[in-house]
Amino acid sequence: MKVAMIKSRKYVCDENSAGFTSLRKLSCQIFLAASYCRSIGIDADVFNLNNRSPFIYENYDIIVVWVPLYEGFYD
């Protein structure tokens with residue numbers, strides 16, 4: 001099984017925040033989730049859509065997207 005974990009373009013931080021902040025923070029939870037998946041034998045990759053590089057969905061069985069749940073979820 002191959003899993004893609006994607007940080008959405010406007011999503012700055014995922015640790016107990018609104019998803020928007022003036023401070024630059026490392027979004028640790030996405031990396032922790034990918035690390036855990038790898039530790040149990042699941043092939044997981046992390047992507048940041050701010051890079052604007054082409055993403056090929058067909059290469060993955062599961063796609064997970066990190067989005068802010070407070071302010072901006074519907075953006």
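Trainee: What pattern does the protein chain follow when read along the sequence?

Mentor: Along the sequence, the protein chain runs β-α-β-β. Its secondary structure comes to 1 helix and 3 strands. Please keep in mind that this is a predicted model.

Trainee: Thanks! How many residues does H1 have, and how far does H1 reach?

Mentor: Helix H1 has 12 residues, and the distance from its first C-alpha to its last is 16 Å. That is close to the 16 Å expected at 1.5 Å a residue. Just after H1 comes Gly41, with a positive phi of about 90°.

Trainee: Which residues of H1 are buried?

Mentor: They are Ile30, Ala34 and Cys37.

Trainee: What do the buried residues of H1 pack against?

Mentor: Their packing partners are E1, E2 and E3.

Trainee: Let's move on to the core. Which residues make up the largest nonpolar core?

Mentor: The largest nonpolar core has 7 residues: Val3, Met5, Ile30, Ala34, Cys37, Ala44 and Trp66. Strand E1 (2–7) and helix H1 (28–39) are the elements that give two or more residues to this core. H1 gives the most, with 3 residues. For the protein chain as a whole, buried residues make up 28% of the 75 residues.

Trainee: Now the rings. How do I read an aromatic pair?

Mentor: In general, a pair of aromatic rings is described by the distance of the centres and the angle of the planes. The structure holds 1 aromatic pair. Phe47 and Tyr60 form this pair, with 5.8 Å centre to centre and 85° between the planes, an edge-to-face arrangement.

Trainee: Where do Phe47 and Tyr60 lie?

Mentor: Phe47 belongs to strand E2 (residues 43–48), while Tyr60 is in the loop between E2 and strand E3 (62–66), so the pair ties together parts that are 13 residues apart in sequence.

Trainee: Is Tyr60 buried or exposed? And what does Phe47 count as?

Mentor: Tyr60 is buried, because its relative accessible area is 13%, under the 20% cut-off. Phe47 counts as partly exposed, at 27% relative accessibility.

Trainee: What about charged side chains?

Mentor: Here is the general idea: side chains of opposite charge can pair when their charged atoms come close. A search of the whole structure finds 2 salt bridges. In one of them, the side chains of Asp43 and Lys2 meet at 2.9 Å, N to O. This pair links distant parts of the chain, with Asp43 in strand E2 and Lys2 in strand E1, 41 residues apart.

Trainee: Which residue meets Asp45 in a salt bridge?

Mentor: Lys2 again: the side chains of Asp45 and Lys2 form a salt bridge of 3.2 Å, N to O. Here too distant parts of the chain are linked, as Asp45 is in strand E2 and Lys2 in strand E1, 43 residues apart.

Trainee: What relative accessibility do Asp43 and Lys2 have?

Mentor: Asp43 is at 37%, so it counts as partly exposed. Lys2 is partly exposed as well, with a relative accessible area of 24%.

Methods. Residues are numbered from 1 along each chain as its sequence is written. This is a predicted model: local features need pLDDT of at least 70, side-chain atom pairs count only at pLDDT 80 or more; totals for chains, interfaces and linings use all residues. Side-chain values use heavy atoms; hydrogens and water are left out. A nonpolar core is a set of buried Ala, Val, Leu, Ile, Met, Phe, Trp, Tyr and Cys residues joined through side-chain atoms within 4.5 Å. Buried means under 20% relative accessible area, exposed over 50%, partly exposed in between (1.4 Å probe, protein chains only). Helices (H or I, at least four residues) and strands (E, at least two) are DSSP runs, numbered from the N terminus. Rings of Phe, Tyr and Trp (its six-membered ring) pair if their centres lie within 6.5 Å; planes under 30 degrees apart count as stacked, over 60 as edge-to-face and the rest as tilted. The expected span of a helix is 1.5 Å times one less than its number of residues. Contact means heavy atoms within 4.5 Å. A salt bridge is a side-chain nitrogen of Lys or Arg within 4 Å of a carboxyl oxygen of Asp or Glu.
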